[in-house]
Number of protein chains: 2
Amino acid sequence: MDWESFYDTHPSPSNYESIITAVENFVCSHENEKMVLITSGGTTVPIEQNTVRFVDNFSLGTRGSASAEYFLDAGYVVIFLYRSNSLEPFVRHFNNSLLDKLEIVDDKSIQVKQSEFDTLYPILKKYKDAKNANRILTVPFTTLIEYMWLLRGSCMLMDTKYSLLYLAAAVSDFYIPPSEMAEHKVQSNDGPPMIALRLVPKVLYAVTHIWAPNAYIISFKLETDYGILEQKSKGALIKYKHQLVIGNLLHTRKRNVKLIGQDGVIEDILLTDEDIKNGIEIEDLIVSNVKAKHDQFFKSQK
Amino acid sequence: MDWESFYDTHPSPSNYESIITAVENFVCSHENEKMVLITSGGTTVPIEQNTVRFVDNFSLGTRGSASAEYFLDAGYVVIFLYRSNSLEPFVRHFNNSLLDKLEIVDDKSIQVKQSEFDTLYPILKKYKDAKNANRILTVPFTTLIEYMWLLRGSCMLMDTKYSLLYLAAAVSDFYIPPSEMAEHKVQSNDGPPMIALRLVPKVLYAVTHIWAPNAYIISFKLETDYGILEQKSKGALIKYKHQLVIGNLLHTRKRNVKLIGQDGVIEDILLTDEDIKNGIEIEDLIVSNVKAKHDQFFKSQK
């Protein structure tokens, strides 16, 4: 199925108009500023119309949420299109054992323990500053269909050389058409089901050629087998003609990514053990590199 | 496949021994106290051995995490066996817009806004008290296999009349055997895959007859179709001979549950609009009801 019929047969989510209006207002209030759309987290593909079960894609949203912070540091305004309950920028640092970081003072106030202050203060400060200056907009989604609609709507509002599209979400390649979905929870006493999946149309072609041809566009590729990572990344650049693929392997993705450009050159970004010990995140290096490339692209456009 | 061969063919998770030792120490330190094992959240069923995709069961963990708080209030010690990243007792109240609840004071400390204090203080106080008195143990899992092993291990340590098993997790009915799983990420250019699922063996029989026949055991049933809820609940009680099924429908589960006992009597627990407006949670009523039933059961045992 091509992408046009996909959108024709999958109506927009009920709250679509209000979300896209918020995105539009955000974009308008930052005209002529560098802006990044970050997609983050997995997408769910329901198995039943009254959904109890779904197929999901593994992603905690680490890459997207960390990158959002570094893009803000680098002067970008950020639209963060993320899977509900996946990691969010800034919030991610507070999630683990949150309540153990809080303490009650004299039964009169609750505060972050002083031992945590030095770590959390700069993060909270940046969050408050970004929020107060309206420099970040967070937009949650859950299902593949919601993602598809919000991606299209956002891209179409960002078709300028100021825009960077950083498509880091782990989007399902497969879905079940509503017409083939069971209405109610599939019953186990009917025996084990076969789930017949359909291919999700590749919308990257529409992003690069129709929705946002003027933006700088980065797609991501996650594989588990090194043998096909390079070949698939180069194949995508030939097919979609966007600017960059960031490729990584499931098991080394936190310390090694490969930036594959249209000229076929592969740049390696690699964290050393020392870097990791010092708390350096690979997204810091990725964003610096990407910003430099976007700057160059920006200058070359009329 | 029966449950014995399921365990034979799916080895225990690598950290199993250390987790079960922690559970054992916890159980031993609360001898002759009423104890509840709460299972909560969904389970994942990987599609690939190097997992990028999985089948999941819808559950935020609301029922389990809220119930844990009310069981502590009711004097139980709690083992909370929950899906990673699903809701946790106490923490759940802080999750939404957490950072907006915090403020920086004079660049010297971070505190919960005074306007949030009255709501959050009693929750944090109960959390700290439960933790300090070692009255709650939280044990995370992700996959169906981890859940199956941890359930069996925990039940076998809790085979006394002091134990309540409150099996609220949304456990997958289906799985893919490792021998039939692709090693690497399934490629979309091979065409859309068919996923052939197998039935997960019903371990409730083993729980009630072998692992913890002396405990008070409650299973949960979630359906989307009212027509089969009552019939399936009664069927389960006949088959497994446990004490209670708590049944609910997907779309009304936060305001209505049905308690179905071995005598076939169905009790309705229903929140009014007024209750909901006043912030009453249905788990508060469920736990009071269940505690009374467990008390009665407890007295009737030698």
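How many salt bridges does the structure hold over all chains? The count is 33, a salt bridge being a side-chain nitrogen of Lys or Arg within 4 Å of a carboxyl oxygen of Asp or Glu.

## Basis of the model

This is a predicted model, in which local features need pLDDT of at least 70 and side-chain atom pairs count only at pLDDT 80 or more, while totals for chains, interfaces and linings use all residues. Residues are numbered from 1 along each chain as its sequence is written, chains are lettered from A in the order in which they are written, and side-chain values use heavy atoms, without hydrogens and water.

## Interface of chains A and B

In chain A, 60 residues are in contact (heavy atoms within 4.5 Å) with 61 residues of chain B. The two chains bury about 5,800 Å² between them, 63% of it on carbon and sulfur atoms; buried area is the accessible area (1.4 Å probe) that two parts lose on being put together, summed over both.

Two salt bridges are counted between chain A and chain B. Arg53(B) forms a salt bridge with Asp173(A), with the closest N and O atoms 2.6 Å apart. On the chain A side that touches chain B, helix H6 (residues 114–132) gives the most, with eight residues. Helices (H or I, at least four residues) and strands (E, at least two) are DSSP runs, numbered from the N terminus.

## Strand pairing across the interface

Strand E3 (residues 53–57) of chain A and strand E3 (residues 53–57) of chain B run antiparallel and are joined by five bridges; strands pair if DSSP finds at least two bridges between them. Arg53(A) stands opposite Asn57(B) in E3(B).

## A salt bridge within chain A

Asp73(A) forms a salt bridge with Lys126(A), the closest N and O atoms being 3.2 Å apart. This pair links distant parts of the chain, 53 residues apart: Asp73(A) lies in helix H3 (residues 62–73) and Lys126(A) in helix H6.
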